[in-house]
Amino acid sequence: MTTEAIHNRDDLPGAAPGQTGPGGENDSAWLVEEASLVLVEVTLNAVAELGDLSLTQLRVLLAVDRHGPLNLSTLAAHLTMSISAAGRMVDRLEGAGLLIRFPAAHSRREISIETTAQGREALGRLRSARRRRIGAALGRLTPETRQTLARALQEFTAAAQADDDSDLVS
């Protein structure tokens with residue numbers, strides 16, 4: 001979708017026709033969403049290129065890698081899925097050698113879940129494929145635009161993670 005087409009969209013929730021262009025109330029959110037959809041497509045293409053993980057398995061593996069080690073209950077909360085569904089995914093990923101379960105250090109009754117070296121390698125291949133595609137797009141930008149984008153994304157990431165952290169606390 002072109003930038004012009006993005007600015008002329010009238011289908012944002014709560015936006016009156018014509019209010020979504022530059023300076024409109026939801027313009028920034030719309031532009032960030034469009035960029036995130038491009039990144040989702042990059043990820044989906046990278047997943048398809050690897051071909052050995054389902055999207056749900058990838059979600060579980062990424063959550064454990066980013067936030068682990070985790071117990072099953074915390075993992076399920078991160079993924080907004082039931083404990084039994086998360087447990088089934090962990091079973092499959094453990095069987096594939098991508099995750100490992102072990103007794104938690106603070107409780108003999110609790111089990112922790114962590115990525116294995118093989119799991120980190122699979123995620124590394126995925127990230128490498130994503131970086132190639134993202135790098136190609138970044139190569140078409142000026143150095144100044146790349147620096148500005150990188151700074152803005154760092155700030156956005158921090159703000160989004162603060163929201164995620166407050167959601168888990170409440």
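Which helix gives the most to the lining of the largest cavity?

Reply: Helix α6 gives the most to that lining, with three residues. Some conventions come first. The model is a predicted one, in which local features need pLDDT of at least 70, side-chain atom pairs count only at pLDDT 80 or more, and totals for chains, interfaces and linings use all residues. Residues are numbered from 1 along each chain as its sequence is written, and side-chain values use heavy atoms, with hydrogens and water left out. Helices (H or I, at least four residues) are DSSP runs numbered from the N terminus.

The structure holds one cavity of 30 Å³ or more. A cavity here is a set of points, on a 1 Å grid over the protein atoms alone, where a 1.4 Å probe fits but cannot get out; lining residues have an atom within 4 Å of a point. The space in the largest cavity is about 40 Å³, a volume being the space filled by probe spheres set on the grid points, which are joined across faces, edges and corners. Around this space stand V47, L50, D52, L53, L58, A122, L123 and L126. At least two lining residues come from each of α2 (27-50) and α6 (117-138). By class, the lining has seven nonpolar residues, no polar ones and one charged; Ala, Val, Leu, Ile, Met, Phe, Trp, Tyr, Cys and Pro count as nonpolar, Asp, Glu, Lys and Arg as charged, and the others, Gly among them, as polar.

Helix α6 also packs against α3 (residues 55-67): their axes come within 11 Å and cross at roughly 105°. Axes are lines fitted to C-alpha atoms, for helices over the stretch in contact, and angles run from 0 to 180 degrees between N-to-C directions. Five of the contact residues are nonpolar, one is polar and three are charged.

Beyond α3, the loop between α3 and α4 contains P69, and the peptide bond from G68 to P69 is cis, with omega near 0°. Helix α4 (residues 72-79) packs with α5 at an angle of about 105°, their axes 9 Å apart, so α4 is roughly perpendicular to α5. There L72, S73, L75 and A76 in α4 meet I83, A86, G87 and V90 in α5. This contact has six nonpolar, two polar and no charged residues. In the loop between α4 and α5 lies T80, which has a positive phi of about 50° although it is not a glycine.

Finally, confidence: pLDDT is the predictor's confidence in each residue, from 0 to 100. The chain averages 84, and 80% of the residues score at least 70. Over residues 1-9 the pLDDT is below 50. Where pLDDT is low, the predicted coordinates should not be read in detail.

Note on methods. 1 Å grid on protein atoms, 1.4 Å probe; cavity = no way out; pocket = protein on both sides within 12 Å on 5 of 7 lines; lining within 4 Å. Contact = heavy atoms within 4.5 Å. Parallel < 35°, antiparallel > 145°, perpendicular 65-115°, else oblique.
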